[in-house]
Amino acid sequence: MAKKLKTAHRVESAQPKLKRRDYESALADLHVELVKLQQWVVHKGMKVCVVFEGRDTAGKGGTIKAITERVSPRVFRVVALPTPTEREKSQMYIQRYIPHLPAAGEVVIFDRSWYNRAGVERVMGFCTEEQAKRFLDAVPSVEKAIIESGVVLLKYWLEVSPKEQTRRLEARINDGRKVWKLSPMDLKSYGHWYDYSRARDDMFVETDTSWAPWFVARSDDKRRARLNIIRHMLDHIPYEELPRQTVKLPKRQDPDGYEKPNYPLKVIPELQWPTE
């Protein structure tokens, strides 16, 4: 395992919202470790799959962005599948997810996953109760087969409170930067809080196995949730820091007669922006 970072003590009680400065400092340290993990995954040909689930607005997208913003998209690959096509609807349910599982040297992150069947599809009536039950019966064996093929599988559920979900949905309605996040399905799902709670509880009972357990992160404070999840990931994916070679920039070549051409470049205007 790579060097340990300064870590917070584990707490169960509510804490004040994490300040941006403290969050960004801790996240910078974690980003360094994620780069080390990336190098180790490539070096060892590891296969890592991380599943993110949770209610609408729970913070899945922001957490995934925090994980991936400083690593290579060729190694850390995010999968967010659209609504299935008519052809895909006729396939075995898990079939469209299998091709996206990681190959050697990859970390695949599912922004929602095959667990759509246990959650939104079941609650909103896109599958029958019998189909949902068959899925819950079958998925532990499927995940066991995935793990036995050499994949490190981590499953995270982000838990948001009713009050915070309401606040975030209202922000999506009123903030021009966030309106793209608001879908008709978000609005339909909002009134089904306890249907989702029952579906989540059934999912945990049937699929929280010893080989592929669920890890729950409280996400009302999105910054704390992101840091906690990344630290947990780093603790549950075995990696080591590879030795770094000393890097020295080579000497830049001489101009050898080069002259800048007199070409009318279309330069973007430099505007005046407010400064602190």
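A: **Helix packing in context**

In this predicted model, the protein has nine helices and five strands, and from the N terminus on these elements run α-β-α-β-α-β-α-α-β-α-α-α-β-α. The C-alpha trace spans about 75 × 50 × 45 Å along its principal axes, and 41% of the 276 residues count as buried. Among contacts between residues at least 6 apart in sequence, 80% join residues at least 24 apart. The unreviewed UniProt entry carries the annotation "domain: Polyphosphate kinase-2-related" for residues 18–242; over that range the chain is 50% helix and 14% strand, with its end C-alpha atoms 32 Å apart.

Helix 1 passes helix 9 in a left-handed crossing. On the side of helix 1, the contact is made by Arg 20, Tyr 23, Ala 26, Leu 27, Leu 30, Glu 33, Leu 34 and Leu 37, while helix 9 contributes Arg 223, Arg 226, Leu 227, Ile 230, Arg 231 and Leu 234. By class, this contact of helix 1 with helix 9 has nine nonpolar, no polar and five charged residues. As a general point on such spacing, an α-helix has 3.6 residues a turn, so residues three or four places apart point the same way.

Helix 9 also packs with helix 2 (residues 60–68), here at an angle of about 55° and with the two axes 10 Å apart. That angle makes helix 2 oblique to helix 9, and the crossing in which helix 2 passes helix 9 is right-handed. Gly 62, Thr 63, Ala 66 and Ile 67 in helix 2 meet Arg 226, Ile 229, Ile 230 and Met 233 in helix 9, a contact that by class has five nonpolar, two polar and one charged residues.

Lys 60, Thr 63, Ile 64, Ala 66, Ile 67 and Thr 68 of helix 2 are buried, and the buried residues of helix 2 pack against helix 1, helix 9, strand 1, strand 2 (76–79), strand 3 (106–111) and strand 4 (151–159).

Between helix 1 and strand 1 (47–54) there is a loop that holds Gly 45. At 28% relative accessibility, Gly 45 counts as partly exposed, and, leaving aside its neighbours within four places in sequence, Gly 45 is in contact with Ala 104 and Gly 105. By contrast, the C-alpha atoms of Gly 45 and Val 120, which are 75 residues apart along the chain, are separated by 34 Å.

Another helix pair is formed by helix 5 (residues 129–148) and helix 8 (residues 193–207), whose axes come within 9 Å and cross at roughly 45°. Helix 5 and helix 8 are therefore oblique to each other, and their crossing is right-handed. Leu 136, Asp 137, Val 139, Pro 140 and Glu 143 in helix 5 meet Asp 202, Met 203, Glu 206 and Thr 207 in helix 8, and the residues of this contact divide into four nonpolar, one polar and four charged.

Methods
Residues numbered from 1 in each chain as written. Predicted model: local features only at pLDDT ≥ 70, side-chain atom pairs only at ≥ 80, totals over all residues. Heavy atoms only, no water. UniProt positions renumbered as here; feature names shortened; annotations may be inferred. Helix = DSSP H or I, 4+ residues; strand = E, 2+ residues; numbered from the N terminus. Left-handed = near helix turned anticlockwise from the far one by under 90°. Contact = heavy atoms within 4.5 Å. Nonpolar A, V, L, I, M, F, W, Y, C, P; charged D, E, K, R; others polar. Buried < 20%, exposed > 50% of the residue type's maximum accessible area, 1.4 Å probe, protein only. Axes fitted to C-alpha atoms, helices over the stretch in contact; angles between N-to-C directions. Parallel < 35°, antiparallel > 145°, perpendicular 65-115°, else oblique.
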